[in-house]
Structures are given as C-alpha cells and as structure tokens.
Amino acid sequence: MSTKWWKDSIGYQIYIRSFKDSNNDGIGDIKGITNKLDYLHFLGINLIWICPFYKSPMDDNGYDVSDFFSVSEDYGTLEDMKELLNEAHKRGIKVIIDLILNQTSDEHWWFKEAKKSKNNPYHDYYIWKDPRYINVDGKRIRKEPTNWASFFGGSCWEYVEEVDQYYMKIFSKKMPDLNYENSRVIDEFVKIIDFWCSFGVDGFRLDAIAHLAKSEFRDSLIEADGEYKPDWSKFSNLDKVHTYLKEFNRRVFSKYDLLLVGEVGGNATVKDALLYTLPSRRELNMVFNFDHNWCNNKWEKAPDEKMRIKVLDLKKIFNKWETGLQGARSWNALYWLNHDQPRVASHYADMQYFEKSTKVLALVLYFMWGTPFIYNGEEIGMTNPTFKSIDDFKDVSVKNCYQIEVVENKKDSKKFIEDVSYSTRDNARTIMQWDDSENGGFSICKPWNIICDNYKEINVEREMYDKKSLLNFYRKIIKIRLESEYKNIIRDGIYEQIESEDENLYIYIRKLKIQSKKNNTLIVIGNLTDKVVDFKIDSILTNIDLNNTKIVLSNYDRRAIPEQLKEYEGIVLATRL
Ligand code: NOJ
C-alpha cells in the first residue's frame, strides 16, 4: 500500500489578510501569496493551508461566507486562485483551503431567503426555534429558546422579528448555523466541495467541524456565572457529526485524493479524535485538537514572576495524543498555534533566551509523529503585539465582549484591554514581518491591522541572511524531516517518551522497528527551562552505543554529546537501539 502523500507533508498556514498585499490596498491577497511562493519553497514546506478567501462581509475575517463559489474582492479573483494553484504545484507545494460547513454569513442569499418567512424553502437551511416567554413582575418577557452561550460572548440565539423566531449562531450573530438535519444542506455542500476539488485544491481544513450536530434544545444545567452558559457539550463532537462526514465522504471526498484535516474544538478527547480519523471509518485524515494550547503559568503567576511552560503538563498532553493516535494507527497533526491563539514565541518561549527557547520549542515539536503545520511568522519568531487602545483589536469576539463588558456593564476599558491582550486571537493576526521597511514590507499602504513594534529586528529578510536565525533553524528541521536519511524514522518511527516525570527535560525517542545495520532511532531532547541540567544519555538509555551515536541537530552547535544541557538547549541524536 502506498504511503499517503500528506504523511510526507510539512504544512504552512497562511492568514491571507495579513500575509502579503500585492495591489496596495493594505489587505493581503491571493497574488501576495503567489508572489511569496519562492520564499515558501526556500523555507522548504510542501503544503499550504490558506484561511478563507471566499466572498464575505468579513465580520469574522472570512469565516462568514456569503458565496462559496467566488473569491472576495479584497483577495482577488478565481483566476488569481487558479494561478496560485498552478504556481504552487509547479514548486511541489500542495494547497488546502478552509471549508466552512458549520455556518454561513447572514448575507448569504440562503439566509436572506430563510428569514423572509417560515414557509420559505430556505428557512430550514438554518436552525430556528420559537421564543420562550416568562412572566417578570406581571410583564411577559421574550427569552431565548435555551440558555446556551455563544463562543463569541452572549447568547447563541438571535431573534428575527419577521418570523418571530430565534436562529442559532454559536459564533457571531452574523454567522447563522446551518441545519444538517435538512439533507438539502448536505446536497449544497456536495456541490461546493466538488467545485473546489475540480478546481484543483488538494484538500480542506474543515472549520469548526465538531459543531455540525446539536443536541436536544434543553437548558444547560452547568454552573457558571452569567445568564448564558458556556456548555460546549451541547454542540460539540456529537454522534451525528460522524454521520454527516461519512455522507460527504461517500458522495464527494472519496472521488479525489485529498487531505482532510478537521478542527475539533469543544474539548475533543483522543477517543473523539479516533472516531474522526481512523482510516477504516472514512471520515477525516487528522484533526487539530487544542489540548496543548494553554500549558503555562500565565493565569496563576504573581505579577513579578516569569512566564514559564508547565513542562509536565505539556509532556503529558503531547504524550497522550502521540501514543493514543499512533497506537490505534491513526494520524496526528502537529502545531504550536494557529490564527486563534497567541504567538508561541510570547506564549511558551522565554524572552530572556529568545533565540534558544524558540528553537528548542520547534525542535521538540517537529520531530514528533504526524504532519506539522507551521503558522505564518512562527518560523521567524513573531510575537504578540502591544495593544495600545481598543482600536488595535479587530477580532469580532473582542468587540462583542467589549460591548457587553465595557459599554453595557461599565468595566474599566484599560482593565479590559489588559485582560484580553494575552489571549486575544488578534495576537496571531498582525501583519507579516517581511523586512525592516515601513509596514514591514507587507504593503506600501496603511495596513488593515497593526504590526508588532519589533519588526525591524524580527523579519524574514534579516533572518534569511543570518545563518544562526530561527528561520534557518526551521529550514534545517524541515530538510531533516523531508530529505535526510532519517526521514522514514520521523514519518513512521514509534514515539516513546523517556523520563516522563522530569520537570525540565522533554525526552522522547522515535524508533523504526526494522532489522538493519543503519541507525533506526532518533533521540529528541529538549531542556524547556532556564536551568542548566545535568544529563547523561547513557544512564537514561543504558543500551546506547555512544561511539555510534551522531548529533543530527543542536541549537547550541554541539560537536560532541553534552553531559549537561544549557538553558533551553535542544539536541537530536541518531543511534541504533
Ligand atoms: C474556527 C476558526 O479557526 C475561527 O477563526 C472562526 O472564528 C470559527 N471557527 C468560526 O468559523
């Protein structure tokens, strides 16, 4: 059986709006991506995932689609998209795109029809429920059908007077959820998926896929402050999602050789992930889970304390996913962040040891088993920006919360900014830092979003010419994964964690079970702290033959195997075990 192409892929996620502006309107676009393909080729990746570029009112930067068959004017044309695909394919780069199945924009014509009347043929494309009424002081008050919260703040229901009903919207009110109980919705998306597959894309990142099915519409009983309860179990990873995915597979996905990667929020477990990804189930190839996204002391540290990774938590989580998926012969997706999380450099790296700590993070993650996805700017160490005023935030969920907390409930605006700055999705969406010219080489016009103040020091051009840069370290890792004699070990080798209780070091091996005289094992060692740690590999792995052990990669340029690991030191060894 031939190996699936995506097992040999290294992905790179592009947040199109912030990546590169080709036509000087201050907004990134498709031609901007095409113009940067040579850079991506230089980096060495062979797969890109492009965030939504469809026609959209941009309430949620394109996750609110108003026409799935066309390209937003902000980003270009279908011809531009065709050119991008051709040029990417010429360079051996596959392209996957975001597929947004859970919702449309409220400006999609289906929804415009749907809200006209209950009898409209499109009404049932969405989830509508009648209001509830309660008596308060003798007055009849209209209430939402359930007390469920939306991910973006407030209720997950929105009232429409014309039909005297609420529609469901688990994100913003401009993003009504689709009703998969109606088979015509599936029919519509079969056409949409078929269109893009015939157009030439190589697969999809399935947005918010965990949420397609909803539970019975009864109030949540969880205890939480506020009127609306953040009970994601009401619409996450329910059985019916699998029925829908199987149908999509049977009717359209299976006709093409695609990569299907699902975003599974709502606290998906390894067990859930296996239901999506076991090859025999014919649903998806891999999923993005969010377990490792908040493993630091940010929320509990005293103000003068340093930000630190919770090493044991992080190891436990990665270990659970690697062994859980590999043991079941499924597949994993490896990533530090996407467009919804803070920058990993600000989140898990150590500002005092910036270069070493960003490198060790890359080293520890990208030798694991699965397909890596690097988020644009991660490879140069882009950081969170400093938000100076509320105008610096562009994310609809921040704006919603600002309205509720500051405008309606009079929270202090400075305190609000302080509280959201660290976790806001805007952190990952600042302008890509290409060089040290004005606007970081992104555009000659005023960009739609802010740029980090550090762009003169942290930028692609500067790092390209610096042999010791993070960018060149990423290139090395990518080359080792894709082209070195160790590539099969990295793709297929068994993952096994060593010294799981060590509070400083993350050590794992990747081992191929083949009888050969060649090296069959990689040992990946990362010191995730600012402590100098004594370390003897032959007392950890007593059967190792040190004379036949080679250094594959080191962020301290080691020539000999060290007996002490310096601050944030990382090293990869090749041996035969
Ligand atoms: C997940 C996406 O990553 C996020 O950016 C978006 O807001 C929601 N899904 C809704 O589509």
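**Close-ups of a predicted model**

**View 1. Lys356, a lysine that counts as buried.** Lys356 has a relative accessibility of 18%, so this residue counts as buried, given that the cut-off for buried is under 20%. All of this comes from a predicted model. As for where to look, Lys356 sits in helix α11, which covers residues 354-366.

**View 2. What the Lys356 side chain meets.** Which residues does Lys356 touch, leaving aside those up to four places away in sequence? The set is Asn555, Tyr556, Glu567 and Tyr568. With Asn555 there's a polar detail to zoom in on: a polar atom of the Lys356 side chain lies 2.9 Å from the Asn555 backbone oxygen.

View 3. Helix α15 runs over residues 470-483, so at 1.5 Å a residue its 14 residues should span 20 Å. The C-alpha atoms at its ends are 19 Å apart, which agrees.

View 4. The chain has 17 helices and 22 strands, and its C-alpha trace spans about 85 × 55 × 50 Å along the principal axes. For 577 residues, a compact globule would have a radius of gyration near 25 Å, and the chain's 24 Å agrees with that. Buried residues make up 59% of the chain. Among contacts with a separation of 6 or more, 70% join residues 24 or more positions apart. The accessible surface comes to about 24,500 Å², with 47% of it belonging to carbon and sulfur atoms.

How values were computed:
Residues numbered from 1 in each chain as written. Predicted model: local features only at pLDDT ≥ 70, side-chain atom pairs only at ≥ 80, totals over all residues. Heavy atoms only, no water. Helix = DSSP H or I, 4+ residues; strand = E, 2+ residues; numbered from the N terminus. Buried < 20%, exposed > 50% of the residue type's maximum accessible area, 1.4 Å probe, protein only. Polar contact = N/O pair within 3.5 Å; in protein donor to acceptor, adjacent residues only side chain to side chain. Contact = heavy atoms within 4.5 Å. Expected span 1.5 Å × (residues − 1). Rg over C-alpha atoms; globule rule 2.2 N^0.38 Å. Areas by Shrake-Rupley, 256 points an atom, 1.4 Å probe, with all protein chains shown as cover.
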